[in-house]
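Hi everyone, thanks for coming. Let me put my structure up on the screen, and then we'll walk through a couple of spots in it.

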Amino acid sequence: MSFQSYLDNIEAKTGLTPRQFIELAHERGFDTTTKATPILDWLKQDYDLGRGHGMALVHVITKGPRISDKHVGGAGTHADASDILWLDGKDTNPAR
């Protein structure tokens, strides 16, 4: 599954965009210095998100929308279209 697909699936499951999760995380005091475990615990407890989906959100909460270009433009299930993730809702993504 591509990184963007993880984020889109999270939105489908919870009704919240990645940007909304970032805002909620900041309200809880999570930022670039927060380790993964407290964020994963929160996402599991409040939204029933597993580790894979949770780690996608941990990345955008702690590192922002830029990802490695390792899988960008490649083929296969892990390929992403861009090294910048779309955080404002799957239905508004201009890449679709």
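So, how many aromatic pairs does the structure hold? It holds four. Rings of Phe, Tyr and Trp (its six-membered ring) pair if their centres lie within 6.5 Å; planes under 30 degrees apart count as stacked, over 60 as edge-to-face and the rest as tilted. Take F21 and Y47: the ring centres sit 4.9 Å apart with the planes at 75°, so this pair is edge-to-face. The pair links distant parts of the chain, 26 residues apart, with F21 in helix α2 (residues 18–27) and Y47 in helix α3 (residues 36–47). Helices (H or I, at least four residues) are DSSP runs, numbered from the N terminus.

Quick housekeeping: this is a predicted model, where local features need pLDDT of at least 70, side-chain atom pairs count only at pLDDT 80 or more, and totals for chains, interfaces and linings use all residues. Residues are numbered from 1 along each chain as its sequence is written, and side-chain values use heavy atoms, with hydrogens and water left out.

Is F21 buried or exposed? F21 has a relative accessible area of 0%, so it's buried. Buried means under 20% relative accessible area, exposed over 50%, and partly exposed in between (1.4 Å probe, protein chains only). Y47, at 22%, is partly exposed. Y47 also makes an edge-to-face pair with W42, 5.9 Å centre to centre and 85° between the planes. Together, F21, F30, W42 and Y47 form one aromatic cluster.

Last stop: D80, in the segment after α4 (51–63). D80 is buried, at 8% relative accessibility.

Definitions and conventions: Helix = DSSP H or I, 4+ residues; strand = E, 2+ residues; numbered from the N terminus.
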